[in-house]
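Hello, and welcome to my notebook.

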Amino acid sequence: MPKPRKTTAKPPLRVLFAASEAYPLIKTGGLGDVAHSLPNALAHIGVDVRLVLPAYRDVLRRVEDLQVLGWLSLASGLDARILQGWHAAFGMPLWLVDIGHLFDREGNPYVGPDGHDWPDNPERFTRFSQAVALLAVDHLETGWRADVVHAHDWQTGLVPAWLEEVPKPPRRIYTIHNLAYDGQFDYTTFDSMRLPARWWSIHGAEFHDRLSPMKAGLMYADWITTVSPTYAREICTPEYGYGYADILNHQRHKLSGILNGIDTRIWDPAGDRHIAVHYRCDERLSNAKAANRRDLLKALDAPAKAQAADAPVIGFVGRLVDQKGIDLLFDAIPSLLRNTVVRFAIIGSGEQQYEDRLKALMEQHPARVFGFIGYSEPLAHQLEAGADLFAMPSRYEPCGLNQMYSLRYGTPPVVRRTGGLADTVVDSTRATLEDGSATGFVFDAAEAAALEAALRRALVLHQNPTLWHQIQCTGMAQKLDWDERARNYLAIYQGTAAPTGDDK
Ligand code: ADP
Ligand code: GLC
């Protein structure tokens, strides 16, 4: 009898991808975009990936074909019900961790209706993280055990710590999207949750007499990534390290910066379902942008005369918080309004003081400053298509997605040289205009005057249609999708990547 032939094909790598938000199920910022498009890109290159999320009420409403996979017993006598479901935006099963009162509530995943963090956030994400760890080692006995667990930001920082508690844990990867938010809590909370005592150590997750889930991720992961090479270097310095610079310096041998990609099917000016006129880089570009500008201004309730005007529009979309340097933009606006014909379109929500400033500017300049306070996915697309320039004066920016959307939409970004902004935008100088690499405008000081100077440089070039078209089209031609970046993650999963945090 012929012997059965040995198959040489390796089984696909199994990756459990754990996040606290994922577009289009629930999203507050860029993490949501990444937790949607990176797992899809990984599945596309043959990784057997499962995305696990908390079973927030909004998510339960959107996911289809829900079935109960089983129950997990967590510490302190809590049980987690594990659901599996599907959604058309994902090419993989979704696993949801349902711990009754912890996630089944309306609204934002992190903050309550009063604008403050949910007071039980430490408990919510500690329990979620434990459930993720148990799922990874197949406590439900479904036959699926992870080779790799990939956790993101403080909400899942304790996943690598929980996996320290099991024999032969899967490989643990931890990605920092924003070091400024570390989710720390006090000893009483730690004690009341009856967490493993050894976490409370300087060699564990203890951080200045508090428990830091972010530090747990850094200490217990086998490899740390962050979302751009420049941010990987910046966080090793006191200025950007939020107290973690020394720890990160010690971990440099296992730290990489991998630039985020964008979902080029959702963010595509040639097919975007939210915009008035589709376009690509050809001789119709400026007409199409003008039509989209009118559409944007209409959507923002600009007066009819303003809608019809041709003067350029500087756009902004984002959280109205310090990080984004929104105050620099607000400070620069009055002088730009005085000395140029430019207008502003600003979409965002966040700190009260900044929302109030935006309202005041809109009231003072109803024909030149337009805005929307709140969150609107369609408006964000309309703004990318309709604005002439995109301002992103961030004080720090781990990666930033909006500048990449802007590049793709022929809306040159004006950015501060930090983090992913520095890695994705090429300043327009004589040299870069000549060699055809210019894609936007970059400035250094986190000051309104520096932003204003960069915007003025941009407005001068905007008057030169040939050069402007060149800058737009160079941006639109950038390769910003996830394909290659997903392969970089695969190398990290397989343990074949070199650290890049200290490569310059
Ligand atoms: P961060 O994650 O720091 O907020 P990113 O640039 O990485 O910054 O991602 C922000 C994402 O959230 C982008 O997809 C952006 O379009 C979106 N976004 C932020 N604020 C709003 C808003 N008010 N309305 C619509 N989309 C928004
Ligand atoms: C964070 C960062 C942002 C990054 C996003 C996705 O929210 O602030 O710069 O693009 O995560 O990684």
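Which cysteine does a disulfide join to C281? I found that the partner is C473, with an S to S distance of 2.0 Å. I count a disulfide when two cysteine sulfur atoms lie within 2.5 Å, and by this rule there is one.

Some ground rules for my notes: this is a predicted model, where local features need pLDDT of at least 70 and side-chain atom pairs count only at pLDDT 80 or more, while totals for chains, interfaces and linings use all residues. Residues are numbered from 1 along each chain as its sequence is written, chains are lettered from A and ligands numbered from 1 in the order in which they are written, and side-chain values use heavy atoms, with hydrogens and water left out.

**Entry: the disulfide**

I looked at the geometry next: the link of C281 and C473 is right-handed, with 95° about the S-S bond. The two cysteines are 192 residues apart, C281 in the loop between β11 (255-257) and α9 (285-299) and C473 in helix α18 (residues 465-476). My helices (H or I, at least four residues) and strands (E, at least two) are DSSP runs, numbered from the N terminus.

Is C473 buried or exposed? It is buried, at 14% relative accessibility, whereas C281 is partly exposed at 36%. For me, buried means under 20% relative accessible area, exposed over 50% and partly exposed in between, using a 1.4 Å probe and protein chains only.

**Entry: the cysteines C236 and C399**

C236 is buried, at 6% relative accessibility. C399 is in no disulfide either, and C399 is buried at 2%.

**Entry: around ligand 1**

Next I checked polar contacts, which are pairs of N or O atoms within 3.5 Å. A side-chain N or O atom of K324 is 2.8 Å from an oxygen of ligand 1. G374 uses a backbone N or O atom, 2.8 Å from a nitrogen of the ligand. For L401, a backbone N or O atom is 2.9 Å from a ligand oxygen.

Definitions and conventions: A polar contact is a pair of N or O atoms within 3.5 Å; within protein, one must be able to donate a hydrogen and the other to accept it, and residues adjacent in sequence count only if both atoms are side-chain atoms.
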